[in-house]
Amino acid sequence: MGWRGAGPTIGAALDAPANGFSGLRLGLALAVVVSHGFSVVSGRIEDEPLTRLTGFTLGEHAVNGFFAISGFLVTMSFCGRGWRDYVIARALRIAPGLIAATLIVSLPLGAALTRLDLGEYLASSGLWRFVTGTLTTFKSNAALPGVFAENPFRMPMGTVWTLKYEVICYVGVLAAGVVGLLRSRWPAALLAGGLLLAILMLDWVSPDASKGVQTALRLPFLFAAGAALFLWRHRIPLSGKGALALVLLAAVLSSTPAYHALLFLAEAYGAIYLAFSPVLARPAFDLREDLSYGVYLYGWPIQQAFRQLWPEAGAWTLLGPSLGLALLAGWASWRLVEAPALALKARTLGRRTLKTIEPAAP
């Protein structure tokens, strides 16, 4: 079914000359920076946009979209290249940017902002524990010695915790692909359905369950939903009315145990719909330079640095400079680290990359 036909499928849209995945990911990364601009200043998560209205911060909604997009594109990546190339591609897409960000935040930035003497800071075991913990376990609540000591939050890399879930999902795609489960549409659909049912049951049986338990179901579901949408791409239509209907249904049932399940389902489908929507599926949003990963990694430490340097400034005052510097850091990360890594990936794999820019973790 063609893109211009009635009820185009996701598969038909995927064959179009352009899509908005890279532009949408950049928008989601900037939304995370906007969201954190409030809690970094006050220390209260409830100050972030949308928290009171939806129960989730703007940043959490953005991460939901990231995971749905990642599930879609990473599954497409495996199906298009096989397990060996997939492992190389995933490693070279995620690791270089994370390593560079961790070292830049912990060494030049940390050394400039610490209250310790430079020699004491560099010799501190806490510095090197921070580096190894961030790179090996994606620990986001670790502090650097003497850095951000008076800020409401002390951690310098507050967004890397999502990488743990992303890597788990990557391994899941690898395992499913190796045993042949991606040759059928049903396993991903059943997994996504089972996780959605678990979310529904959790809210029904234990509505006061911790955020950590909910997150452990929420992010894998969104990733699995994105994977299922790719594998069912020739059967599932793109419908703005359908996406809006899911959002409205979630809003109507916001006081019931069905709310979270419907909200996450709406966000999974909505993210893929937006990437192929007429508004975003055009060359202007099919960006060659994917700044989203760098913006996501550097946005938090930039905001933390502003909070330490200008503790009396309000959230709105710091938001503009934070967004500008985050974009600049994202551009530098892309040009100096991520793009060279992608070039190495292309040489290593001996083939051209897929039309859509490979996704980095949220």
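1. T159 is placed in the loop between α7 and α8 (helices, H or I of at least four residues, and strands, E of at least two, are DSSP runs numbered from the N terminus). The model is predicted, so local features need pLDDT of at least 70 and side-chain atom pairs count only at pLDDT 80 or more, while totals for chains, interfaces and linings use all residues. Residues are numbered from 1 along each chain as its sequence is written, and side-chain values use heavy atoms, with hydrogens and water left out.

2. T159 is buried, at a relative accessible area of 2% (buried means under 20%, exposed over 50%, partly exposed in between; 1.4 Å probe, protein chains only). Neighbours within four places in sequence aside, T159 contacts V32, H36, Y296, L297 and W300 (contact: heavy atoms within 4.5 Å).

3. The whole structure holds 13 aromatic pairs (rings of Phe, Tyr and Trp, the last by its six-membered ring, with centres within 6.5 Å; planes under 30 degrees apart are stacked, over 60 edge-to-face, the rest tilted). One of them, F78 with Y86, is edge-to-face, at 5.2 Å centre to centre and 70° between the planes. Both F78 and Y86 are buried.

4. F153 and W300 make a tilted pair, 5.9 Å centre to centre with 45° between the planes. F153 is in the loop between α7 (125–137) and α8 (161–178) and W300 in helix α13 (residues 292–309), so the pair ties together parts 147 residues apart in sequence. Both F153 and W300 are buried.

5. F21, F72, F230 and F276 are linked into a cluster by ring pairs. R233 lies over the face of F230, 4.1 Å from the ring centre (a charge sits over a ring if NZ of Lys or CZ of Arg is within 6 Å of the ring centre and within 35 degrees of the ring normal).
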